[in-house]
Amino acid sequence: MSGHADAQPMKARKSGPLKGVAEVPGDKSISHRSLIFGAMAVGETRISGLLEGQDVLDTAKAMRAFGATVTRHGEGVWTVNGVGVGGFQEPADVIDCGNSGTGVRLIMGTMATTPITATFTGDASLRKRPMGRVTDPLALFGTQAYGRKGGRLPMTVVGAANPVPVRYALPVASAQVKSAVLLAGLNAPGETVVIEREPTRDHSERMLLGFGAKLTVEKTGEGHVITLTGQPELRPQTVAVPRDPSSAAFPTCAALIVEGSDILVPGVSQNLTRNGLYLTLVEMGADIEFQNPREEGGEPVADLRVRFSGNMKGIEVPPERAPSMIDEYPILSVVAAFAHGRTVMRGVKELRVKESDRIDAMARGLEACGVKIEEDEDTLIVHGLGPGGVPGGATAKTHIDHRIAMSFLVLGLAAKAEVAVDDGSPIQTSFPVFEGLMHRLGADIRRG
Ligand code: S3P
């Protein structure tokens, strides 16, 4: 069962060497934030390289519903005419964030300290995900939220009329929660403080500074203490969205496991809060050269030359690295299946509340493909079978999760027998050009 009506079955077959250049689209996290911060600035924000995946398109639509003027001018080229901090109008209808946890959580934060009411919903995957992690800290500002049992969508959020600033220590390592609190803090008077024990992706902090907010980050014994001064006037920006390292992970990992491959993946972020997968792959013995390091769109990037790596070894991934590679465990577990020995991924229970329960989805699919795994609530262990050793010959269930779909299609490129996924349609949420890009490299991926 795919879980929705327009399921698109797909399959992947053992492929010849992958060759060529894999230019992946814009970063999903930065794309959402460009639209949201642009909507809170006064004047016109210009964006290039915006990811035109469904998640981001849903956020664009939501920003229009809250009163911003959002216009597409050409591929990835957009403008946002913002309404200013505290200037959101009450939407006339329900806000549907589709599949996107980032979209809904950041937007809830953004409207939480303006005296308007909005009702949020999403697809069957998003309606299962916990929103309490965001509405709990928002309640400290004076925001009220009424959702289904377990803090699930649909949910109505009533913005605080007289918000107070908040000091909040994150109980989970989550950039979405951190960002929601900071966005709410924008329209509260005084200083809002967020403390994170483990650093998570820092795009909100970097971009808020760029848009002219007063924000400091102090490293203390407690962790990162982020202090934001409320009620600034945000200045519109010109944002060049860099490529998405989480999307780059799929062609990169495909090249590592498909014999004879040699590809170039340009402009991959080396931001320390995003590059955990790449450190891990190198430790496993992956042949990746980091060429031409430079800065693009305010992020440190490099071009990756990636070659087939027949001698990768399983490792213990340091649990403290999890936040910097949280979206990459599914594809890492595919690489691990083609490595020698065990790859141990601990401290990964957050994977259970992503677009799907990713520990379960990967474990069941890998087992069906003949790979031995071990799991508990917070751990996934993959017993590698070495290059060419994975039987395949199964259909993986994707549970409306783009990264599960792409991971099993990549696995199929190097498995002995064809691998199918029951539904590849969620790939549109984050990587709409995945199929074409992989074909051009020489991957045998088909629909049906
Ligand atoms: C994101 C944060 C992460 C990540 C998601 C994007 C963001 O989620 O998994 O894909 O843009 O802030 P969590 O905050 O739930 O870890």
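1. H1 (28-40) and H5 (175-186) each supply at least two residues of the shell around the ligand. Helices here are DSSP runs (H or I, at least four residues), strands are E runs of at least two, and both are numbered from the N terminus. H1 gives the largest share of the shell, three residues. The model is predicted: local features need pLDDT of at least 70, side-chain atom pairs count only at pLDDT 80 or more, and totals for chains, interfaces and linings use all residues. Residues are numbered from 1 along each chain as its sequence is written, and side-chain values use heavy atoms, with hydrogens and water left out.

2. Who surrounds the ligand? The shell holds Lys28, Ser29, Arg33, Thr102, Ala173, Ser174, Ala175, Gln176, Arg201, Ile326, Asp327 and Lys354. A residue counts as near if one of its heavy atoms lies within 4 Å of the molecule. By class, the shell has five charged, four polar and three nonpolar residues. Nonpolar means Ala, Val, Leu, Ile, Met, Phe, Trp, Tyr, Cys and Pro; charged means Asp, Glu, Lys and Arg; the others, Gly among them, are polar.

3. Ser29 places a polar side-chain atom 2.7 Å from a ligand oxygen. For Arg33, a side-chain N or O atom is 2.7 Å from an oxygen atom of the ligand. Lys354 has a polar side-chain atom 2.7 Å from a ligand oxygen. The protein buries 96% of the 390 Å² that the ligand exposes when taken alone. Areas use the Shrake-Rupley method with a 1.4 Å probe; for residues, only the protein chains shown count as cover.

4. The ligand sits in the largest pocket. To sit there, more than half of its atoms must lie within 2 Å of the grid points. On a 1 Å grid over the protein atoms alone, a pocket is an open set with protein on both sides within 12 Å along at least five of seven lines; a cavity is a set of points where a 1.4 Å probe fits but cannot get out; lining residues have an atom within 4 Å of a point.

5. The largest pocket holds about 640 Å³ of space. Volume is the space filled by probe spheres set on the points, which are joined across faces, edges and corners. Of its 36 lining residues, Ala173, Ser174, Ile326, Glu350 and Lys354 are closest to the centre. H1, H3 (101-111) and H5 each give two or more residues to the lining. The lining counts 18 charged, nine polar and nine nonpolar residues.

6. The second largest pocket has a volume of about 540 Å³. Its lining has 23 residues, with Val24, Pro25, Gly26, Glu75 and Arg243 nearest the centre. Helix H12 (residues 434-441) gives the largest share, three residues. Here 12 are nonpolar, five polar and six charged.

7. One cavity of 30 Å³ or more turns up in the whole structure. The largest cavity is lined by Leu170, Val172, Ala173, Glu196, Arg197 and Glu198.

8. Two backbone points deserve a look. Leu153 and Pro154 are joined by a cis peptide bond, with omega about -5 degrees. Pro154 lies in strand S9 (residues 152-158). Gln231 is not a glycine, yet has a positive phi of about 55 degrees.

How values were computed. Polar contact = N/O pair within 3.5 Å; in protein donor to acceptor, adjacent residues only side chain to side chain.
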